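Okay, thanks everyone for coming. Have the sequence and the model up on your screens, and I'll walk you through it.

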Amino acid sequence: MSHEDITLTAGDAEVTLQPSNGGRVGGLRVGGVELLRQGERFGCFPMVPWCGRIRDGRFRDGAAIHQMPLNSPPHAIHGTARDGAWTVARSGTDEAVMTYDLVEPWPWSGRVTQIAALSPDALTLTMSVETYDSSFPAQIGWHPWFNRTLDGGEPARLDFTAAWQEERGDDHLPTGNRVDPKPGPWDDCFGMPEGVDVTLTWPGQLELKVTSREEWVVVYDEQEAAVCVEPQTGPPNGLNTLPRLVTPLEPLEASTTWTWRAPLS
């Protein structure tokens, strides 16, 4: 796989993209320090054509019920594109474009395009889902695993203000009720109607802000090694509760930007 990796550089920032490993960002180094958890399943992977869990792997589209593989029993989780090989459409010094054609078990044909654009202090990821055939429900999101500590420093601190938290049932899926945000640890979806805005601070080392025009973000910090901040176009189980339609005239598009700087002393 490694010979197909793409490296983007800008200033002292370096990004590794892994088209053959689910179109993921395999690494982000700033000043030589790796910010993303390393490993085949980590880095930052695109969640498409759905985000988070689908209850029992089933969703309805009109009268039809579709069954997805239960890759996180009893649910299906995080889409299918992270398990496939993506194609490099274009790559340069600081920008690359990768595409992925939706295939079975997803029941519709469509194309996913992901653009990674690096500047000295930011990485922007943009994704779209297009169809030239039948319309279908879909979601877009990203699942970054940020290292909890950098080079043995203090653990990252998470700061954000959400309008609400999706109440989580025992099955880890939203119940449909919105509640006031609760303290962590989290494996929870939050609503930010003004757009996702979450800051990670590694004290004395780096501050990184995750932003998106989307209003949903899942925060997952139940593992010791990493903290996940996942902007997405709808809540978990959203293909059932809040589907976004991809049509031949209207693709589904989303983007997220990570911006970093040395923290203010």
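I'll take the pockets, then the strand pairing, then the core.

Quick housekeeping: this is a predicted model, so to speak of local features we need pLDDT of at least 70, and side-chain atom pairs count only at pLDDT 80 or more, while totals for chains, interfaces and linings use all residues. Residues are numbered from 1 along each chain as its sequence is written, and side-chain values use heavy atoms, with hydrogens and water left out.

Pockets, then. By pocket I mean an open set of points on a 1 Å grid over the protein atoms alone, where a 1.4 Å probe fits, with protein on both sides within 12 Å along at least five of seven lines; a lining residue has an atom within 4 Å of a point. Who sits nearest its centre? Of the 21 lining residues, that's Arg53, Ile77, His78, His143 and Asp187. Strands 15 (141–147), 17 (164–168), 19 (187–191) and 22 (216–220) are the elements giving two or more residues to that lining, and strand 19 gives the most, with three. Strands here are DSSP runs of E, at least two residues, numbered from the N terminus. By class, the lining splits into nine nonpolar, five polar and seven charged.

The second largest pocket has about 150 Å³. Its lining includes Arg55, Glu166, Trp216, Pro235 and Pro236, and strand 18 (residues 174–179) is the top contributor, with three residues.

Now strand 25, residues 252–261. It pairs with strand 13 (residues 122–130), antiparallel, over eight bridges; pairing means DSSP finds at least two bridges. Thr124 stands opposite Thr257 there. Strand 25 also runs antiparallel to strand 21 (residues 206–212), with six bridges, and Lys209 faces Thr259.

Last, the core: buried nonpolar residues (under 20% relative accessible area, 1.4 Å probe, protein chains only) joined through side-chain atoms within 4.5 Å. The largest has 63 residues, and Leu17, Trp106, Leu200, Leu208, Trp258 and Trp260 touch the most other members. Take Leu200: beyond its neighbours within four places in sequence, its contacts (heavy atoms within 4.5 Å) include Phe146, Leu158, Leu208 and Val229. There's also a second, separate core of eight residues, Phe42, Cys51, Ala226 and Cys228 among them.

Definitions and conventions. Helices (H or I, at least four residues) and strands (E, at least two) are DSSP runs, numbered from the N terminus. Ala, Val, Leu, Ile, Met, Phe, Trp, Tyr, Cys and Pro count as nonpolar, Asp, Glu, Lys and Arg as charged, and the others, Gly among them, as polar. Grid points are joined across faces, edges and corners, and a volume is the space filled by probe spheres set on the points. Buried means under 20% relative accessible area, exposed over 50%, partly exposed in between (1.4 Å probe, protein chains only).
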